[in-house]
Amino acid sequence: MKISRQGCTRTVFVLKNKVIKVPTFKSFELFLCGLLSNLREGWRYEHFARNDLAKVFYYNRFGLFLIMERIEVCDNDEAHELYEKIHELYQYDKEKEFMLDDLKPSNWGRKDGKLIKIDYGGWSIKKMYRTF
Ligand SMILES: Nc1ncnc2c1ncn2[C@@H]1O[C@H](COP(=O)(O)OP(=O)(O)OP(=O)(O)O)[C@@H](O)[C@H]1O
Ligand SMILES: [Mg+2]
């Protein structure tokens, strides 16, 4: 295991080609949020089936962990260009609201030069629950 990254609701263990996302133990509330983030990410990966979402290989049915492909994470220094690029890329996308949700460099990465969303378990979008 290489490094772990701390998100707001999940701790992310970074392996060679994969990452493992586990709900944080910072507080019980954030732990519950982390479970839901994992579940939503798993459901959304299956539902949207898009190649600009980092692949989810497996997620536990209670959200206790989620295994995702490892992606090279975007840098904070490129925030401005990244926002412009993403707004341009997704302006006519039918899932624009979803793709632009929680937009920040640490939630995006690059694979073969293509932008990939790596955190899509957020809750501010309409499809908050599993309605599909
Ligand atoms: N697929 C991935 N490949 C490489 N690193 C990743 C991947 N997914 C997440 N990370 C790293 O772990 C950090 C936290 O992951 P993530 O954003 O999914 O957690 P979160 O708790 O939902 O975060 P947030 O603080 O944005 O709410 C990311 O900012 C990134 O640095
Ligand atoms: Mg994040």
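Which loop does Asp-112 lie in? Asp-112 sits in the loop between strands S7 and S8, the latter covering 114-117. Before going further, note that this is a predicted model, in which local features need pLDDT of at least 70, side-chain atom pairs count only at pLDDT 80 or more, and totals for chains, interfaces and linings use all residues. Residues are numbered from 1 along each chain as its sequence is written, while chains are lettered from A and ligands numbered from 1 in the order in which they are written.

**Overall build**

- The chain has three helices and eight strands, where helices (H or I, at least four residues) and strands (E, at least two) are DSSP runs numbered from the N terminus.
- Read from the N terminus, the elements go β-β-β-α-β-β-β-α-α-β-β.
- The chain's radius of gyration is 14 Å, close to the 14 Å that the globule rule gives for 132 residues, so the chain is as compact as a globular protein of that length. That radius is taken over C-alpha atoms, and the rule is 2.2 Å times the number of residues to the power 0.38.
- Along its principal axes, the C-alpha trace spans about 40 × 35 × 25 Å.
- Of the 132 residues, 24% are buried. Buried here is 20 or more other C-beta atoms within 10 Å of a residue's own, exposed is 12 or fewer, and partly exposed is in between, with C-beta atoms placed from the backbone.
- Take the contacts between residues at least 6 apart in sequence: 51% of them join residues at least 24 apart. A contact means that the two C-beta atoms, placed from the backbone, lie within 7 Å.

**Around ligand 1**

- There are 21 residues around ligand 1, and Arg-5, Gly-7, Cys-8, Ser-106 and Asp-119 come nearest. To be near, a residue needs its C-beta atom, placed from the backbone, within 6 Å of the molecule or strand in question.
- Strands S2 (10-14) and S3 (18-23) each supply at least two residues of this shell, and S2 gives the most, with three.
- By type, the shell splits into nine nonpolar, seven polar and five charged residues. The nonpolar class is Ala, Val, Leu, Ile, Met, Phe, Trp, Tyr, Cys and Pro, the charged class is Asp, Glu, Lys and Arg, and the others, Gly among them, are polar.

**Cores**

- The largest nonpolar core has seven residues: Tyr-45, Leu-53, Cys-74, Trp-108, Ile-116, Ile-118 and Tyr-120. A nonpolar core is a set of buried Ala, Val, Leu, Ile, Met, Phe, Trp, Tyr and Cys residues joined through C-beta atoms within 7 Å.
- Apart from that core lies another, of five residues, including Val-12, Val-19, Tyr-59 and Met-68.
- Tyr-120 is in contact with Glu-41, Arg-44 and Leu-53, leaving aside its neighbours within four places in sequence.

**Helix H1**

- H1 (residues 28-48) has 21 residues and reaches 30 Å from first C-alpha to last, close to the 30 Å expected at 1.5 Å a residue. The expected span is 1.5 Å times one less than the number of residues.
- Its buried residues include Cys-33, Gly-34, Leu-35, Arg-44 and Tyr-45.
- What covers the buried residues of H1 includes S2, S3, S4 (56-59) and S5 (66-69).
- Ala-49 follows H1 and has a positive phi, near 45°.

**Residues to look at**

- Thr-9, in the loop between S1 (3-6) and S2, is buried, with 23 other C-beta atoms within 10 Å. Beyond four places in sequence, Thr-9 is in contact with Pro-23, Thr-24, Leu-30, Cys-33, Gly-34 and Ser-37.
- Val-22 is part of S3 and is partly exposed, with 19 other C-beta atoms within 10 Å. Val-22 and Gly-63 are 41 residues apart in sequence but 8.1 Å apart in space, C-alpha to C-alpha.
- Arg-70, in the loop between S5 and S6 (72-73), has 18 C-beta neighbours inside 10 Å and counts as partly exposed.
- Asp-102 is not a glycine, yet its phi is positive, about 50°. Asp-102 is found in the loop between H3 (96-100) and S7 (108-111).
- Asp-112 also isn't a glycine, and its phi is positive, near 50°. With 6 C-beta neighbours inside 10 Å, Asp-112 counts as exposed.
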